[in-house]
Each structure stands twice: as structure tokens, then as C-alpha cells.
2 protein chains.
Amino acid sequence: MRWNAWGSAESATTLPQPIKDLLGQVLGISGEPISAPTALEVQLSPSRLTSTDVAELESIVGPVGTADGDRLIRSGGKSTLDLFRRRQPHQDAPDAVVAPATSEQIAELLRWCADRSIAVVPFGGGTSVVGGLDPEAGGLRGVLSVDLRNFDQLVSIDPVSGQATLGAGVTGPRAEELLGAHGFSLGHFPQSFRFATIGGFAATRSSGQASAGHGRFDDMVTGMRVVTPTGVLDLGGAPKTAAGPDLRQLFLGSEGTLGIITEVTLRVRATAPITLHEAWHFPDFITGAAALRAVAQQGGGPTVMRLSDEAETAVNLTSPGKIGATDDTASGGALAITTFEGTGPVAQARQELAAAVLTDAGGRSLGAPRGQAWEHGRFDAPYLRDALLDVGVGCETLETATTWSNLTALKDAVTTALTDAIATSGSPALVLCHISHTYPTGASLYFTVVYKCSDDPIVQWQAAKAAASEAIVAGGGTITHHHAVGADHRPWVAAEIGDVGVRILRAVKDALDPTGILNPGKLIP
Amino acid sequence: MRWNAWGSAESATTLPQPIKDLLGQVLGISGEPISAPTALEVQLSPSRLTSTDVAELESIVGPVGTADGDRLIRSGGKSTLDLFRRRQPHQDAPDAVVAPATSEQIAELLRWCADRSIAVVPFGGGTSVVGGLDPEAGGLRGVLSVDLRNFDQLVSIDPVSGQATLGAGVTGPRAEELLGAHGFSLGHFPQSFRFATIGGFAATRSSGQASAGHGRFDDMVTGMRVVTPTGVLDLGGAPKTAAGPDLRQLFLGSEGTLGIITEVTLRVRATAPITLHEAWHFPDFITGAAALRAVAQQGGGPTVMRLSDEAETAVNLTSPGKIGATDDTASGGALAITTFEGTGPVAQARQELAAAVLTDAGGRSLGAPRGQAWEHGRFDAPYLRDALLDVGVGCETLETATTWSNLTALKDAVTTALTDAIATSGSPALVLCHISHTYPTGASLYFTVVYKCSDDPIVQWQAAKAAASEAIVAGGGTITHHHAVGADHRPWVAAEIGDVGVRILRAVKDALDPTGILNPGKLIP
């Protein structure tokens, strides 16, 4: 992962000519790159750790990274706000980086941090888009980035039960590789898949592009090991239980504020022999949404099911390589994608049941190729954002979820809020939206916003983000469906769970982390 | 619900002759009824509330029941232990019974109870089988039973989203009736269905006989209102969220110890036009379990799927009307039941996919009638228990869940523990078992034990239950898959969630219920 952009340098892209033309027409963008500092030009706040601190840390976890290079790469996540910050001459960073190798080392490390008043920010793939990695000390003496990269093992696999335990630092592709060697797949494919980790998926309550079929990450977790400053939890074992509250659900989504997740036990599936792709055209988003709803409420359907609105369909965002190119088959309407997995008869039967519902609801099959094209390019959109930022075009995504009956009202409210807020900053806004996840009672809405950066792009985006968040809360949506809370959504948590809910989180935090070392300033208001 | 037996008097049954014969042969039971006190003969501990207490309570919630009849019916649940206790001359009971009608009244009531040191036991259908209703004061001045029967409304329904809000006191049949009027069904059918309530399902993390298709109750809950002594929580709204820990999962299974659930928002489904039943014969339990596992791991399958072991199949427990009658079609093997719901094509397609898997795995279809017979009698087994207890035959059930790979080892260990413990008390034990719920990673095991009561049947069963619980914990099962914790499983909670887990529950309880009035002695060690 690059320090100031998404992913790897080899995969970086430039803007296709149709997009350049579009940006020139709509936003008046020249296409000239704007200036940004190199890693060597950035001035990092100096490390506040003493040589005694470093020596003591080394005795617990081995090498301690205090070099600017180690610290800069872990100074934030990959939101557009993060990337704007990476373009500034002076930047904050954690005071040091360590990479423990065992739960016991983490337990000792946390006791040391509590004793020495040092905050801890757990670090997995570094892909947070909600400020979850901000190096905030929370009034303590310093900030330590705890990199989980050494928790990179398949700890165990139970092929009969379809269950495996993976280290928290295992990345998405590595998980598929480790499980694939045994004939299994996890099937969790968020856009961050190539870099994000098992521990990060759990800590942020992640949801993947195949969650319609494989379930959200919180559905997949059957057990976990969590190390807190005051003890270790080993949760789970039985597939389901009625033995009181489900404590796994307290640590799923805990974002490093209650403990460090070191191992996760997961339901895995035999690798599907067949995947069937299909794309669908609907006359408009509302018709398409009703069709997806019918499939979701019928149950037992697709592995992937998503629907782009008219604007997103028009710019062809489902095929990043062809963005901006016209595509007659879907013009003037809304494009949906479905995939089905399983053995031949199972995948076929599911596809046929869903296809009947989608057709009845006004859909027209566009066949397999458009669906395959989507799958091929599905992890690449963030690279396009970097190319946009390089020429002064702001691009960010945000998401929510609500009930089916409230979906279009919420979509309209958020679109209006974003458009108005960006207009106030002096730019038109292109707001695209798709349904990324469906459930029997509702769906998620995933927005992409493109606009011309102002002279202070951080303030500009913070205002737009606040407007969208207020619209989400007022409109009955959740402040986040799958990006998590971090620092960025924290101001709206009390609106979501109420004062009593906040009091519960604080009580659990006080019990587990009485000195408040764990990821200050995130999640819990 | 009768005070000293299951259900209603009209549905009470007597022992069929084949069972009487069997009991005579195996246990040496004469069939003579044993003596038990009538309600009027029972001496209840006197109410500890003062007339000032009663007057103050009346000003908050209206009529306060202090008569013995009001108190006796709410003095416990319906475990065999409860029923043994109801046969004793002296009994404990709550000091009074109130039936508030609004969340606001409950909030005021809880503040009053906290102020006056009175414990509160929430009461729904009264069907707890784990001591969840024991009138324990926990060192306080008295115990108030808070009956939720006035929360009996369909608060709202959103037909587009397939979501409805029901009052906590709505019973299973009433929920189906209220929703059915709008063309919807909840689909939650635990054995307690006819009496248990929506609030009880939520508070105990209930699981129904159709949970394979409709999901466990915790899967159905999208929102809830909970009144605590220190504030009200309104949780949920969006179908799914990544906004931190899922606090609904703290109150699901909280068993009245953290707050009183007054409303529950639930995913509901359009009433299925078609239900297809099928029974299957397997040569033995292990073969049948492997077949069910294959269907569960394929996904998207049956609404109901269960498998009796050889012993349970032999006594024909799936057809209470025919218990003890021989049935050649299934003799010497293990009987499974499946049902499939949906529109015609959906139910048909699902049944065909599952049937192919079950056949491949060694199953032989017995057709629809045996499956229909099971559905017809599925809520009646508890009446049979009463008839057994009346002639001095102990009969109780207990359950657990574990991974597929551990299933038969755990089944054997629990069977041995029960058999040995009952033998020590001087009786042979008939131990029957079935898989009641299946998941991709594992399944539940539901045991029925029949034996001859000793002179002290309470001590006798407590010893057997402890032996079974120890075997479950040592064997890697959960202490309860769907009966909840109550007082009876509380000694094994720390083994399940660890010391840190217990500390979390206590921290939440201290934050919400600082005076400890809520259901003392249940769930939290």
C-alpha cells in the first residue's frame, strides 16, 4: 500500500480521455497535475517516545520502527480526506511502529502502554476510509501503531464443519490462497480486498461485494480471540448459542477501541465449482430497486446483486476501463449485476428463480459479459480516484442503509445534500449511486461524488460530508453500512444508538481499557 | 397456562397404553398417580410488600395483584424442576404482580423499584425451562413480577420492507394472527409457541422449529425498545449497519437482567402459499447427520430440517399420538423431517435440490405423511411430560450445539453422563436425541431423558442436569443452544464466555441497573 495513494504503484492508472473530456466540460478542469510533496519532503511531527521507551518496547516485541518511513505509511487510512492530508507539508504520525507476533506479546504490550500512558492504534491493511487510523493520543503521552502483519497464518481448519481460524493480519487474497489449498473459500470481497485484513474486516464489521450470498463478515464470524489491556477473551465455538448476549457482536465493529483482535474463526465454504454472471437493464432505478427487493425477499438467491442508478449507469462506472464510453444496451436506464455460485444445478436453479422475479419486475437480461466485466474491474475504482485527485478533482464515496420503503427518499435527500454542499463551495457535483447490498428488509446505498477541489479541499469535503451525514441521520439511514465509524462518523454515533447506547459502550470500554489507551478518538463519543 | 403443568387443561393428555406398558417393563412403574397439592393447598411465602408499597405501585401502574392466585401462577417457569417445585407444600412466589401498559409506566416502575429496593422479574408467557422466572430477591426487599400482557399490539407494519413492530406481550399465535391479517407471517415456532411471547423470544434468544428457513429469533430482530432503570434504548432501523458493536445483540439473550424489552421490530415474510413436507429414513444417526450437514452447507434449503437418533426414532417421538407404536418404515434407523416453503416453483426447486443431496447421502424418502404428522403434533410433547410426572416418571429435555465434526462425540458424552447420573439415583434412563437446528458449521442436539423419579426428584434431577452440563462444557458444546441461561445454566456461563466476558456483562449491568433490581440470580454470574 502506497503512503499517499491507494494500492500498489504498478496498478496506478491515468485518466482515460473520455473522462478528461467530461471533466473539462462539466468542471472546467484543465487536466494539469497539481503539486504534492514527496515522502522525503513531508515534515513529520517528531516521535515523542524516549530511548527508554524504545528499549522497553524492544524487550517486549522486538524491533521498534521510529524512522519517518515506518511512521508515515501508518499515519492514516485511505479516505479522500486522508489523501488530502498526505499532500500537506507537515503531518502527524504515530510515534513508533511495532509488529508483535503472538497474543501474549500483545497482552504484555498493552499492559506496558497502559502503564506508560501510550495510546495504541491497531494497524491491518491500512485501508480505513473513516479516519480509523488517525494517530490520536487522546491526552496520553504518545501513539504506538501496532501492525498485525505477523498474524499471517491459517491457525487451523475443520473441513467437516467448514470452519477455519485465521490470524488477524491475513489479507483477503492470502486468506483465499490459504483456504483454497484445502478446497475452501471465504468469499469476502470488499473493494479493499487486496490489502485489508481478517482482523480489519472483523473490527470494522465489513461487508463484501458477495455478501448477498456469503453473508456480511459479521455473519461469517463464529469465534474470535481478543486481547484487551485487562485480559484475553476467547469467544465462540458453537455455531449458535442462547447463552446470553452475543459478545462477539460487541467486538465486531469495535474498531480497536475495546481490544486487539488477533485471531478470527470463520465459516468457510467449499470453493464453488461454477459462477454464473448476468447483467440486467431496468427502465429506471426505482423499478430496478423494486426488482432487487423481490429477489431479496424471496431469499436464497444471488451471491452478488447490485443496481446502479441512472447517473452511475450513464458513466458506466461498473466497467472502470470503459468509464465515459457510451453503451447503448443500458442507456437511459439502470444497470444491475447478479452472480450465482454453487454446483452446476444449484447455481442454475438459483439463477433461474431470480431471473423469473427480475423479468416479472420489468428487467431485461443483458447476458453474462457485462456481469463478467464488472467482476474483472471491481477492485480498481480507488486507483481512478488517485488519478482524479492528481488533477484537482475531488472524488469520494459514502454509504448508508435503510428499509426498502425509505430507500428512494433517503437517496434523494443525500444526493441533494451533497449537491448543495458542493455547490456552496463553488463546484457542480456529479453524484452517482448504487445499491451495493440487499437484505429482506432493506438495502444499502453507496454514493460516489465527483467535484472540483477548492483551495482548501479538506474544509470543502468536511462540509459536504457533514451535510450528507446530517441528511442520512435525518432521513432515517444508518450513519454507515460498511465503512465503520472511525473518527469521521463519530459525531453521529449518539444519534444512532442514543445516550444509553453510548453509556453502554463507555462502560464496556472502562471495564476493559480503564486507562483509555485503545484507539482514542474513534467510534465511542 | 396452568400453574402446575404445561399449557391449558383442555389439551392435557393421559398416557397411551403402549407407553404405560413400556414404562412398566423398563422402569417398573405401576402407573398409579402420585399425590400433589392443589393450588389451594399450597402455602405461599407471604408477600413482603407494605400497604404503602402497594399504594405507590398502584399510582404508577394501576391494580397490584397480591392474591395467592396471582402470585402462584408467576412463581416459576415450566422446567421439570419447576413442576417438581409446584408439587411441594411450601413455595416461594413473587410478592406482587403488576401489568403496566406503556414503556413510560415501566420506566417509572423501574425507578420506583430501584428507589425502594424491590427486584423485578419480567413475565411474558411463563414458559421458561431454565429457572428464568425464579422469584429471587437478590438481597433486596421483595420481588415484583412485571407481566407484559398489556403490550399486546401490532404497533406498526411496513409491508414494502417486510418489517413489523410488535408489543413484547404478543404471544406466538397472536403474532401470526395480527401479521396474517396483512398477508405476513413471522415463522417462529418454538415448542412454546402457543404461550410464549415476542419479548420472551427476544430476551431468551429463542430458536424455532422453522429456524432453518426463517432464521433464529435473533436473526429476525431488526430493532427493539428496551426500558432500563436508567433510560430507554431505541435500537435498530437500518437492516444492517457498521456503526460499531451491535447493541441489539446485548439485549437479545439478556433475560430481563439489563432492561425490559417492550417492543420488537421484526423481519416478516409474505405468508408462503405452499408448504411441502417430506420424511426421510437413514440407516443410522451418523449417516443422517452427514446428510443434513451436506444440505446445510449447500445453503438456501429447507424451512424445517431435523433428525431423530435411533432411540428417538424407535419410540416414534415425532408422532406423539403414536409414541411407542412400531413403524416398520423407519425401524432400525433414523428418521428425518424436512419442510419447504415459498411460492410453488421456489418450494419445489428447494425441495428437489435438498432431496438430491439427502438421497446421495444415503437417505430414502418416506413421502409427505410422516412429515405432516410431525407438524401436526409438534407442540404437544410437553403435555405428555405432565402425564409422565403424574405417575412418578421423570421427563426432561436439555440441549446444546457444537460443530459438525464434534457432534457425535458430544452426543455420546452427554448421553453417557445422563445415563450414569440417573443410574446412580437408582433408575435406568431412556435417553433420546435429535438434531433440532442445523447451520453450515454445526448443529444443535436436543436430548429427552425419561427415568423413574426417586424420593427426592429435585435433588435427583439437579445431579443429572449438572452431570450433563459438565459433559457439555467439557465436550466443547454451548451450555444452551435455545433454552437460555436463567438460574439453571448460570453456573456454567463463566466456562462459556470466560472471566473477561463475565466482567463485560457485569459492567453493562452496573451501568444500566446500578441497584441490581433486574431479575437477580439469572444469567450473569
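## Where the chains meet

Contact here means heavy atoms within 4.5 Å of each other. By that rule, in this predicted model, 74 residues of chain A touch 75 residues of chain B. Putting the two chains together buries about 5500 Å² between them, and carbon and sulfur atoms give 67% of that area.

What about polar links across the interface? Between chain A and chain B there are 32 residue pairs in polar contact, with both residues at pLDDT 80 or more. The count of salt bridges between the two chains, however, is zero.

## What chain A brings to the interface

Let's look at the side of chain A that touches chain B. Helix 18 (493-512) of chain A is one of the elements that supply at least two residues each; the others are helix 10 (248-251), helix 11 (285-298) and helix 13 (344-360), along with strand 11 (231-236), strand 18 (393-403) and strand 20 (442-452). Helix 18 of chain A gives the largest share, eleven residues.

By residue type, this side of chain A holds 34 nonpolar, 28 polar and twelve charged residues.

## How the copies are related

Notes
Residues are numbered from 1 along each chain as its sequence is written. Chains are lettered from A and ligands numbered from 1 in the order in which they are written. This is a predicted model: local features need pLDDT of at least 70, side-chain atom pairs count only at pLDDT 80 or more; totals for chains, interfaces and linings use all residues. Side-chain values use heavy atoms; hydrogens and water are left out. Buried area is the accessible area (1.4 Å probe) that two parts lose on being put together, summed over both. A salt bridge is a side-chain nitrogen of Lys or Arg within 4 Å of a carboxyl oxygen of Asp or Glu. A polar contact is a pair of N or O atoms within 3.5 Å; within protein, one must be able to donate a hydrogen and the other to accept it, and residues adjacent in sequence count only if both atoms are side-chain atoms. Helices (H or I, at least four residues) and strands (E, at least two) are DSSP runs, numbered from the N terminus. Ala, Val, Leu, Ile, Met, Phe, Trp, Tyr, Cys and Pro count as nonpolar, Asp, Glu, Lys and Arg as charged, and the others, Gly among them, as polar.
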